[in-house]
Amino acid sequence: MNINIYGSTGIIGKKTLELIDSNFPNLKINLLCAKSNSKLLKKQIIKFKPKYAFLDEINKFAKYNYKINKTKILNFEELLSYLKSSKSDFSILAISGYKSLYFLDSIIQNTNNLGIVSKEAIVSAGHIFKKKKYFIKTNIYPLDSEHFSLHEFFKKKEINNSIKNIILTASGGPFYKKKFSTLKNINFSQAIKHPKWEMGYKNSIDSATLVNKCLELIEAHYLFDIPFEKLKILIHPEAIVHSIVEYDNFVTHFNLFKNDMKIPLLNFLNSSSLKSIKKNNVLFLKKYETLDFQDVKNEIFPIYKFFLKIDKKRPENIIKFNIGNEFAVNLFKNKKINYTDIYKIIKKVTSLNLYSSVNTIKGIIKYHEEIENKLQKISLNNL
């Protein structure tokens with residue numbers, strides 16, 4: 001049994017390797033991919049001895065003559081060629097941003113089980129998942145806690161018209177008690193301090209603005225074929241209930257587990273290994289005297305009201321919403337805009353009058369690039 005990990009130096013990649021090291025000695029690391037963290041990738045290569053590795057900024061590996069020990073360091077073209085001709089038992093796609101789309105087709109064609117935590121891949125390309133029969137070609141296993149909880153729930157329950165609503169919960173991030181209008185001077189360090197989850201900076205900021213949950217509604221729509229009008233959000237600061245399923249007969253199911261990404265990962269890698277989960281991963285409900293649920297308030301999370309108004313039947317609008325957010329988060333990270341400007345830029349980019357064919361992965365990538373090029377030429381004062 002072998003596994004390819006796309007995003008091995010990120011939070012999910014590191015947790016996956018920890019679990020494999022302690023629980024899955026027979027699972028061979030076949031391929032490790034990273035963006036720029038050459039020091040950590042080198043350590044991972046030395047420890048896990050994969051057959052192949054890929055670093056997006058490959059010039060950082062130039063002194064190794066494209067080999068570290070017996071691991072071959074692939075360039076971009078070699079990676080694409082390898083993916084088209086190889087087979088893997090497991091793959092984890094944990095690359096932030098739309099560039100994970102470059103690998104999506106080949107990964108799905110050539111892996112048996114895909115654990116996916118790259119929101120942008122599903123958000124941008126979810127509308128063609130059924131068209132290309134992705135769910136038939138491979139077992140797609142969502143690893144975000146909300147979608148994982150629904151995936152586990154619907155293993156034994158049918159998704160049918162008796163479902164009234166599916167509610168995804170949001171912790172609210174670090175600012176859920178503060179009005180959005182008071183957050184203009186929030187800095188990057190404050191925005192990435194998530195109270196419950198250990199995440200990369202992009203997901204942490206998206207959690208603070210609630211964009212993260214808007215994107216997760218899109219994922220749930222595509223992954224489970226649930227109409228948007230049946231998908232809701234509730235603020236749940238304790239972050240132990242990850243999704244709620246309401247039925248027409250007034251019965252409601254809560255899907256809950258400890259807020260630890262190792263739980264979805266362990267289930268994905270091998271459900272029979274649940275016996276090896278340490279006791280500290282068990283949820284003790286008696287620790288929680290109350291569970292708090294709140295409606296999303298517009299004065300705290302204005303992005304949600306805007307998101308609900310978007311015509312989501314047009315994939316272009318969803319893609320523009322996603323791109324606008326990526327663009328704005330990067331500007332905020334680089335101190336070019338204020339925190340509250342993220343919302344303004346998302347609205348502006350989503351309203352851009354740009355339409356193109358997005359019925360193929362190549363078309364979606366091209367659309368992303370066209371919008372990015374347009375944004376680079378626009379003055380921030382005009383956004």
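Contact here means heavy atoms within 4.5 Å. The model examined is predicted. By this criterion, Glu120 touches Ile95, Ser96, Gly97, Tyr98, Ala125, Lys202, Asn322 and Glu326, leaving aside residues up to four places away in sequence. Glu120 belongs to helix H5, which spans residues 119–125. Its relative accessible area is 4%. Glu120 is therefore buried, since the cut-off is under 20%.

Strand E1 (residues 2–6) pairs with E2 in the parallel sense, over five bridges. Within this pairing, Asn2 has Lys28 of E2 as its bridge partner. E1, helix H1 (residues 11–23) and E2 together form a β-α-β unit, and the unit is right-handed. E2 also runs parallel to strand E3 (residues 52–55), to which four bridges join it. Here Ala34 stands opposite Leu55 in E3. Between E2 and E3 the chain passes through helix H2 (residues 38–48), again as a β-α-β crossover that is right-handed. Strand E2 covers residues 28–34, and six of its seven residues are buried. E2 is therefore largely enclosed by the rest of the structure.

Leu168 stands opposite Ile233 in E10. Four of the five residues of E10 are buried, so this strand is largely enclosed by the rest of the structure. E10 (231–235) also contributes to the cover over helix H12. The buried residues of H12 (residues 302–309) are Pro302, Ile303, Tyr304, Phe306 and Phe307. Besides E10, their cover includes helix H9 (201–209), helix H10 (211–224), helix H13 (315–333) and H14.

The search of the whole structure finds 19 aromatic pairs. In one of them, the ring centres of Phe148 and Phe257 lie 5.4 Å apart. Their planes meet at 80°, so the pair is edge-to-face. Phe148 lies in helix H7 (residues 145–153), whereas Phe257 lies in the loop between strand E12 (252–256) and helix H11 (262–269). The pair therefore ties together parts that are 109 residues apart in sequence. Phe148 is buried, at a relative accessible area of 4%. Phe257 is buried too, at 11%.

Phe180 and Tyr343 make another edge-to-face pair, with 5.8 Å from centre to centre and 80° between the planes. Phe180 lies in the loop between strand E9 (163–170) and helix H8 (188–191). Tyr343 lies in helix H14 (residues 341–350), so this pair ties together parts that are 163 residues apart in sequence. Both Phe180 and Tyr343 are buried. These two residues also belong to a cluster linked by ring pairs, with Phe175, Phe188, Tyr201, Phe332 and Tyr339 as the other members.

The charged end of Lys312 sits over the ring of Phe307, 4.6 Å from its centre. Phe307 is one of the buried residues of H12. The charged end of Lys47 sits over the ring of Phe48, at 5.6 Å from the ring centre.

Conventions. Residues are numbered from 1 along each chain as its sequence is written. This is a predicted model: local features need pLDDT of at least 70, side-chain atom pairs count only at pLDDT 80 or more; totals for chains, interfaces and linings use all residues. Side-chain values use heavy atoms; hydrogens and water are left out. Buried means under 20% relative accessible area, exposed over 50%, partly exposed in between (1.4 Å probe, protein chains only). Helices (H or I, at least four residues) and strands (E, at least two) are DSSP runs, numbered from the N terminus. Two strands pair if DSSP finds at least two bridges between them. A crossover is right-handed if, with the strands pointing away from the viewer, the path from the first strand over the helix to the second runs clockwise. Rings of Phe, Tyr and Trp (its six-membered ring) pair if their centres lie within 6.5 Å; planes under 30 degrees apart count as stacked, over 60 as edge-to-face and the rest as tilted. A charge sits over a ring if NZ of Lys or CZ of Arg is within 6 Å of the ring centre and within 35 degrees of the ring normal.
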